[in-house]
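Please work through each task before reading its solution.

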Amino acid sequence: MEPLASDLDLLPCAVLVTDGQGRALLSNAELHNQFGMAPPSGVPWHLDDLLPPASRIFVQTHVWPLLRRQGRVDEIHLKLRSANGEQRAVFLNARSDPGKAPPATMRVHWAFFVATERQLFEAELVQARKRLQNLLLSSNAGTWEWHVPSGALKVNERWAEMLGWPIADITPPDLGLRSGRLHPEERERITAQFEALQSGTQAEYLSEHRMQHRQGHWVWVQERGRVISRMPDGAAEWVFGTLVDISENMAQRTALRRSEALLGRTNELAGVGGWELDMRTQTLFWSAQTCRIHGVPIEYQPRLDEALDFYPPAARQQIEAAVHRGMVDGIGWDLEVPLVRADGTQLVVRALGIVDSEDGRPVRLMGALQDITDQHHLMQALRHAKLAAESASEAKSMFLANMSHEIRTPMNAIIGIAHLLADTPLNEDQFQLLGKLQISGRSLLSLIDDVLDLAKIEAGHMTAERAAYSPRDVLRELDAVFAIQAGSRGLNWTLGEDPQLPQWLIGDAARLRQVLSNLLSNALKFTQAGGVSLSARVDGAQLRFSVRDSGIGIPIESQSKLFQPFVQADGSTTRRFGGTGLGLFISKRLVDLMGGSLTLHSAAAAGAEFIVTLPLEPADAAASDQVPHPPIDDSARAVDGKRLQGVCVLVVDDSEINLEVVRRMLEREGAEVVCETRAALAIARLQRGDRCDAMLMDIQMPEMDGLEATRRIRQLAGLEKLPVLALTAGALAEERRRALEAGMDDFLTKPLDPAKLVYALSHWVLAQTPRLGPPAVPAVSSPPPADYPVIEGIDLAEALPRLGGDLALFQRLVVRLLATFDSRWVAELRTLDAVGLTASLHKLRGSAATLGAGRIDLLATQAEDRLRQGGLPAEVLPQLNALAEALAMLRQSAAGVLEAPSARSALPTQVALQPPGDAAQRFTGLLTLLRQQDLGAATELEVLLPWLRQMGLSDEELQRLQHGVDELDFEPVLQFLSAWQASGAAAC
Amino acid sequence: MNPLERNHVRSMGQQGPVLLYAHGFGCHQGMWSGITPAFESSHRQILLDYTGSGLASESAPFDTQRYGRLEGYAQDLIEVCDALGLTQGVTLVAHSVSCSIGMLAHLQRPNLFERMILIGPSPCFLNHPPDYEGGFEAADLEGLLELMDQNYLGWASYLAPVVAGADGAGTGAELERSFCSTDPVTARVFARATFFADNRADLPKVLCPSLILQHASDALAPQAVGQYLHRELANSRYEVLDVAGHCAHMSHPELVIDAMRRYLADAAGAA
């Protein structure tokens with residue numbers, strides 16, 4: 001093939017022709033000149049000889065494959081190596097025969113253009129531009145180029161897209177395009193800024209504003225610009241810039257501003273200021289409200305030490321310590337401290353601080369400050385008020401306690417003395433009056449109890465006790481009382497008791513009894529005909545009592561008022577039925593206190609049902625052991641009818657009247673009584689070694705009270721076991737507990753119930769000294785000889801010694817007793833009124849006691865005591881029935897044993913008269929015997945009969961005296977003879 | 001993604017021992033179109049594109065971490081074999097960088113390849129004086145990468161019509177024969193992995209027998225490198241093909257076929 005060498009050599013580019021494997025076939029002069037390669041006709045050379053290693057690989061891996069596939073490559077950047085080792089950048093264009101010619105015959109034409117600087121630069125530029133475009137693309141920014149002199153504005157696609165225009169639609173782009181899209185509010189400002197750029201006074205531009213989208217809405221953008229080149233006069237030539245859509249940003253900023261504003265406003269409203277201390281920079285930031293609290297301008301930003309100056313010294317120390325702890329340990333604080341504002345006014349603030357930590361180390365402290373001056377003062381005032389209220393309450397309760405004591409003391413005297421009076425010789429008028437006095441006394445006591453209860457409730461001092469009690473016992477007691485009352489009014493009485501009722505419950509038996517009594521009394525009071533019933537049953541987890549009556553009922557309108565104090569269903573009720581109106585109120589409160597409820601079902605003229613429900617709390621068996629068994633039974637054994645014979649009692653009470661009452665009560669029972677008004681004196685007696693079997697101690701006394709006295713006594717040697725019984729006006733569980741804690745053994749409430757008093761004393765004394773077990777008998781008690789008759793109902797062994805072992809006398813007395821208290825007498829009993837009944841029972845009692853007829857004595861005593869307390873004959877019916885039975889039994893059992901009563905022998909008239917002095921002496925002795933109720937009086941009287949006749953007593957009188965003595969009715973005898981003596985008739 | 005899909009695996013023939021063809025840098029499975037017809041009836045032939053190369057460049061996301069090292073490409077081979085259930089008895093036919101890739105795969109799965117046929121192999125392109133001459137300095141290789149960058153834009157514009165077949169380069173069969181370059185980005189990654197790899201230390205560990213087909217005059221893999229390989233690879237046979245260039249299987253396929261046949265027959269005979 002003829003090489004067109006001369007034409008080739010003229011080509012401005014280096015040319016090479018190779019075969020399909022790169023072996024050089026032809027080359028031109030330029031190739032030689034540029035790269036020093038000899039024409040291939042000489043030493044054969046290869047394309048690769050021209051290529052430095054990098055190019056070699058590139059050609060191998062990129063260029064040859066392309067040539068083979070498409071027969072050409074264009075504008076490939078390459079580096080060629082000349083013979084001297086120099087490398088030159090070139091552009092390669094190559095052509096090859098397409099098709100499947102085998103490599104050896106294939107021809108490839110290579111043209112290398114040496115890259116000029118400009119070409120290289122342009123290539124670089126293209127690359128740079130591409131890169132830039134990619135950058136912009138990724139930044140999502142629009143770009144603009146403003147040619148200031150002509151006003152032309154070139155924008156990119158993104159710029160246009162941002163404002164809703166396809167780029168093609170923005171032609172020709174100029175500044176007006178942009179200006180037209182500015183918001184009227186911002187146009188002036190922005191235009192001014194642009195002018196500054198234009199004139200050259202500003203080199204840079206930044207603005208955030210709105211521009212109108214093609215669709216009409218406003219888009220928030222950030223526009224930046226920079227002067228790139230200037231005209232000779234300094235004016236801007238080219239300004240390049242960006243446009244970024246900041247809609248989202250703006251939305252966030254608005255939301256932030258809104259929440260900040262809200263925070264600021266609400267803090268202002270609440271008077272809460274914020275602060276922040278950056279520990280790294282030691283700068284302290286105060287919010288507007290904090291500044292306001294301190295009384296400084298809102299822009300005031302203090303140093304830490306300046307901030308602390310606002311606190312008085314002590315508070316400053318506190319705050320400093322807290323801040324220090326926060327910085328070091330990361331612990332926050334919450335303090336109430338005084339603060340002095342800039343103008344000197346004093347505040348109280350609440351200072352809160354928390355710590356921000358990074359990597360476990362505190363870096364920032366921040367907190368809040370609140371003016372709590374008003375609240376602070378308010379709290380102070382409240383605290384004072386509370387203290388005042390508390391001390392007022394305390395004063396009230398002390399008053400209550402004192403009043404209770406003060407009132408009960410004279411009440412005790414009244415009732416006690418009335419009781420004692422009843423035992424003295426009284427004529428019928430006096431007895432009747434006394435009965436009324438006793439009734440009034442009891443009413444007054446009941447009223448006082450109600451009023452004191454009310455006061456306690458009002459003062460909030462009423463509490464319900466929690467102790468084991470037997471509900472059946474309570475029911476039984478109520479039954480005993482109210483059955484009789486109902487019967488006496490001609491009303492039916494029913495008691496319903498649930499067999500499921502537990503034996504022992506926890507609760508306040510006394511209050512329960514009080515409530516049910518109140519309800520039952522009311523029921524009886526307001527029922528003319530029909531009946532009253534009490535029932536108790538278990539209802540799930542509750543105890544349910546129902547008091548039902550068929551009385552006048554309560555109209556529905558009045559029912560809600562009923563449980564208020566001082567209210568009855570209608571005003572006339574008080575006049576008709578009496579009553580204070582306190583009962584139901586107190587009952588309701590008591591029931592509430594016990595955790596239950598009191599409800600009413602009634603309608604006018606339809607009767608009423610009151611329902612008390614209480615929580616059912618069964619007590620366990622162990623608790624029942626602690627139940628104090630109240631003395632309801634006077635089963636104390638008596639000597640001569642005296643149950644405290646020989647017992648020495650020391651009574652301490654600051655009231656002399658009370659002492660007198662108690663003394664009488666006790667001496668009546670044969671006790672030896674020592675009284676002291678001051679505990680100290682009583683203790684002195686004990687220390688001296690005075691004999692004492694038991695003490696009755698009033699609790700509330702001036703100087704030393706009963707509790708203190710008891711404590712001291714317990715410390716004295718040998719007196720740890722001395723029975724000390726408390727006498728008190730109050731009966732609170734709390735007082736009971738204190739009494740027991742002080743060392744007292746038992747508890748008696750005033751006004752004293754003589755029966756309970758005697759029972760308690762005898763019980764405790766018995767428990768202490770076994771020698772006082774069976775009462776000491778003057779004579780030796782030996783079992784009766786085997787031939788003594790055995791009469792059921794009579795304790796012969798007990799009675800005989802009293803009679804001096806005179807069996808005949810005994811028999812005679814039994815006969816006499818049975819004759820006097822025969823069935824006719826018993827029948828008569830039921831017709832007597834209270835006064836007559838009392839007298840009769842008294843007589844029987846004395847005789848029975850002497851003869852050892854224990855049961856008869858007991859029954860008669862019970863009945864008599866009840867009547868003396870103001871009970872009605874109807875109330876002692878059970879006892880009367882029992883007495884009838886007992887007497888019948890005695891009659892039967894004695895019948896077979898005794899001889900027929902022999903007639904009384906005539907009065908001996910042949911008795912030698914003693915010398916008068918003797919008689920007078922003997923007479924005095926007779927009086928003594930009579931006073932002592934000594935049966936020897938009978939014999940003595942017989943002896944003195946002649947002398948008495950001689951002294952002027954009539955036969956009739958003497959007969960009466962004898963009869964009285966025989967009947968063992970000594971008192972009238974004694975009275976008569978004393979009076980007779982006093983009248984001087986016995987003067988000798 | 002299923003490796004068979006990801007790597008555009010093609011399986012030809014049903015019976016006979018398995019030939020697995022692994023292409024070199026900047027190529028795809030189409031480059032084997034001159035070879036495969038010769039073994040159609042006697043062998044089962046498996047062809048694949050590495051992830052990021054050829055048609056595989058479009059289908060799968062390209063993990064530059066994985067494919068920045070030759071081990072990543074070895075993993076492609078293993079995954080494809082696993083997907084095909086091939087565990088042993090495979091003959092690897094590898095070109096250029098696939099020789100190193102294949103060796104790495106063999107070290108991972110010692111039982112997978114029965115033997116390897118290596119066309120234009122080089123374990124390391126860099127010179128490591130005084131003992132080893134891969135043929136290139138680091139500067140040269142960086143220069144290559146620079147050239148690749150410079151020609152990137154032009155490259156992109158070349159590629160589009162070619163891939164789409166817009167220049168009328170044809171359908172199916174033609175495309176198979178034609179030589180598509182890869183996506184410039186993946187090419188860059190593959191290039192770096194290829195030209196800076198140094199697998200000389202792995203050579204002694206290769207246990208399976210191999211045939212080294214050395215181009216008489218190969219700028220990329222000169223004879224010295226081939227001889228080095230022959231020394232280091234146990235059980236290797238060394239044959240020089242009278243070819244100038246680096247792609248004998250494309251420029252002189254009949255020479256390659258002949259060499260393969262002889263080797264495979266010997267191996268079968270020996271077995």
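**Exercise 1.** Determine which residues of H16(A) and H19(A) meet, and describe the geometry of the packing.

*Solution.* Step 1: list the contacts, meaning heavy atoms within 4.5 Å. Arg511(A), Gln514(A), Val515(A), Asn518(A), Leu519(A) and Asn522(A) of H16(A) meet Gly583(A), Leu584(A), Ile586(A), Ser587(A), Leu590(A) and Val591(A) of H19(A).

Step 1: classify these residues. The contact of H16(A) with H19(A) comprises six nonpolar, five polar and one charged residue, where Ala, Val, Leu, Ile, Met, Phe, Trp, Tyr, Cys and Pro count as nonpolar, Asp, Glu, Lys and Arg as charged, and the others, Gly among them, as polar.

Step 2: H16 (residues 509-525) and H19 (residues 583-593) of chain A pack at about 145°, their axes being 9 Å apart. Axes are lines fitted to C-alpha atoms, for helices over the stretch in contact, and angles run from 0 to 180 degrees between N-to-C directions. Helices (H or I, at least four residues) and strands (E, at least two) are DSSP runs, numbered from the N terminus.

The model is predicted: local features need pLDDT of at least 70, side-chain atom pairs count only at pLDDT 80 or more, and totals for chains, interfaces and linings use all residues. Residues are numbered from 1 along each chain as its sequence is written, chains are lettered from A and ligands numbered from 1 in the order in which they are written, and side-chain values use heavy atoms, with hydrogens and water left out.

**Exercise 2.** In what order do the five strands of the open sheet in chain A lie, and why is one side of E24 and of E27 left without a neighbour?

*Solution.* The order is E24-E23-E25-E26-E27 in chain A, with parallel pairing.

Step 1: inspect the edges. E24 (672-676) and E27 (746-749) of chain A each have a single partner strand, so one side of each lacks a neighbour in the sheet. From one strand to the next, the twist averages 20°.

Step 2: examine one pair. Four bridges join E26 (residues 724-728) to E27 in chain A, and Leu725(A) stands opposite Asp746(A).

Step 3: H21 (residues 656-668) of chain A lies across E23, E24 and E25, at about 170° to E24(A).

**Exercise 3.** Is Cys81(B) buried or exposed?

*Solution.* Step 1: apply the cut-offs: buried means under 20% relative accessible area, exposed over 50%, partly exposed in between (1.4 Å probe, protein chains only).

Step 1: compare. Cys81(B), at 1%, counts as buried, and Cys247(B), at 9%, also counts as buried.

Conventions
Pairing = 2+ DSSP bridges.
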